[in-house]
Each structure stands twice: as structure tokens, then as C-alpha cells.
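This report describes how the parts of one protein chain are arranged. Please look over the sequence and the structure before reading on.

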Amino acid sequence: MKREIITTADGSKTIQIKEWNEQYHSKHGAIQEAYHVFIHSGLHLFKNCDLNILEIGFGTGLNALITLMEAEHQNLSIDYTGVEAYPVSKEEIGQLNYLKELNALSFTKMFNEMHASPWEELIPISPKFNLKKQQKDFKDIKDIAQYDLVYFDAFGARVQPELWTVDIFEIMLKAIKKGGYLVTYAAKGSVRRAMLEVGFLVERLPGPPGKREMLRAKKP
Ligand SMILES: C[S@@+](CC[C@H](N)C(=O)[O-])C[C@H]1O[C@@H](n2cnc3c(N)ncnc32)[C@H](O)[C@@H]1O
């Protein structure tokens, strides 16, 4: 499917899939959404510890970049697994403006290394952040009790309903450690019910700009 770079309301770029009228991030602000959903509602639950994170949809690497930037502030040692079936190209990465918008040009080398790093290997990107990119379908995740936190950042249920089902959340529940969390920008009733059905405890939280609510699920 054809992908195009567009600018969101906070000035940060994202990728749009025209055919689906779907974006990699919110049109109301890619960076704003990423901080609100994944950092403030997820990562900030943890401080001064080792942390295993799974990202559902590595995409542009924005969530990985801001997580790496936060690792230092929160004194976290992070192993980050990013699963992605359809990697973004070097040309597309070159058109994104995250480092400039985040005032983080000093992270340029690390951001480039994240994208250039080989798949399926755990690679040190900084002293506090190791990255393992896995090129595969979300359905093929078989990890058991491995992650403290999942960033569930799949395309919306409108375009990929098969990724917001009991089957997928069962895979997520298995992959998460007891007491671990999953955060997502989604707030749909059917998504919440699928999470509850597999055994997650689910909270509705205030959503990022442009969305009333989002969901945070905990493995009991
Ligand atoms: C909303 S975007 C992710 C945005 C990403 N977190 C970022 O910060 O750029 C969803 C991602 O899921 C990937 N994807 C879609 N279907 C998939 C599948 N069945 N298995 C693995 N990856 C998939 C897409 O290629 C896309 O990169």
C-alpha cells in the first residue's frame, strides 16, 4: 500500500496510508500522542529498575526514540523489542522530523542506529537501552511472561479489526509478566471487552488531544 509523509497538528510528521485514510500517529499531533499514551500513561509507572518493553508496531521508531530519551530521567535499563511486519524505508525515515521537533539532535546517531541495526538481534543503542527489532506478524509472537510493559500501537480497529481481538489480546496477556501493563490509544468498547474477556484488568484514562479516552490494561 502506498505510504505518504504528512505533518500533524503539533508540527511533527507521520506516515499516512492514503487508501485506508489511516496514519501511523494521531493527526492531532504525533509526538504529543506518543508522550501521552506510551510515556505518561505507561513508562512513567516504572522508575529505577530494569524493564522489558514490547512494541506492537515499531513503525517510524518514534516510541522507541522517546523511550530511550526517558530511560535516563527515570533511571531505567531497558530491553526494547519492536515487532514490525512491514518496515519503514530509509527514505521515509529521512523525511521525518522527530529529532528536530523534540529538540534532540544529540540523539541523531542513536536514532539512525535504531533503524540501521540488524533485525532479530539485541543491539545496545545506549548504555541504558538495548533494541531488538523482530520482523514478523503480531500473531506469531510466542513470548511467555517476558514483558513489563506493552505499547500496543497497531493501526485502528476500523482498518485492521483482526488486531483488536480476543486472540491477539490472549497473545499479549501471555507475553506480559504478572503485574505488567499494556497501554494503547484505543478506547473502543469492543476492544475493552476483548481485553476483559482474556483476563486483563482495564482502566479508562483521559486520551491524548483529539480523543476523550484511552485504555490501560494490567495483568493481574
Ligand atoms: C500505527 S503504526 C505504528 C506506529 C509506530 N509505533 C510508530 O511510532 O511509528 C502500526 C504498525 O503496525 C505494522 N503492522 C500492521 N499489521 C501488522 C501485522 N499484522 N504484524 C506486524 N506488524 C504489522 C504497520 O506496518 C505499522 O508500522
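## Loops, helices and the sheet

E120 lies in the loop between α5 and β6. The model is a predicted one. In this model E120 has a positive phi of about 70 degrees, although E120 is not a glycine. Most residues other than glycine have a negative phi. A second residue with a positive phi is N21, which is not a glycine either; N21 is placed in the loop between β2 (13-17) and β3 (22-23). The table sets out the two residues.

On the side of α2 the contact is made by A64, L65 and L68, and on the side of α5 by M110, F111 and M114. Of these residues six are nonpolar, while no polar and no charged residue takes part. An α-helix has 3.6 residues a turn, so residues three or four places apart point the same way.

The next topic is the sheet. Eight strands form an open sheet with mixed pairing, in the order β6-β7-β5-β4-β8-β9-β11-β10. Since β6 (122-126) and β10 (201-206) each have a single partner strand, they stand at the edges, and one side of each is left without a neighbour in the sheet. On average, neighbouring strands are turned by 20 degrees against each other, direction ignored. Within the sheet, β9 pairs with strand β11 (residues 213-218) in the antiparallel sense over four bridges, and T184 stands opposite L215 in β11.

Helix α6 packs on this sheet and touches β4, β8 and β9; the direction of α6 makes about 135 degrees with that of β9. Which residues of helix α6 (residues 166-175) are buried? They are I168, F169, I171, M172, L173 and A175. The elements that cover these buried residues include β4 (49-56), β8 (147-152), β9 (176-184) and α7 (189-198).

How values were computed. Residues are numbered from 1 along each chain as its sequence is written. This is a predicted model: local features need pLDDT of at least 70, side-chain atom pairs count only at pLDDT 80 or more; totals for chains, interfaces and linings use all residues. Side-chain values use heavy atoms; hydrogens and water are left out. Contact means heavy atoms within 4.5 Å. Helices (H or I, at least four residues) and strands (E, at least two) are DSSP runs, numbered from the N terminus. Ala, Val, Leu, Ile, Met, Phe, Trp, Tyr, Cys and Pro count as nonpolar, Asp, Glu, Lys and Arg as charged, and the others, Gly among them, as polar. Buried means under 20% relative accessible area, exposed over 50%, partly exposed in between (1.4 Å probe, protein chains only). Two strands pair if DSSP finds at least two bridges between them. Axes are lines fitted to C-alpha atoms, for helices over the stretch in contact, and angles run from 0 to 180 degrees between N-to-C directions.
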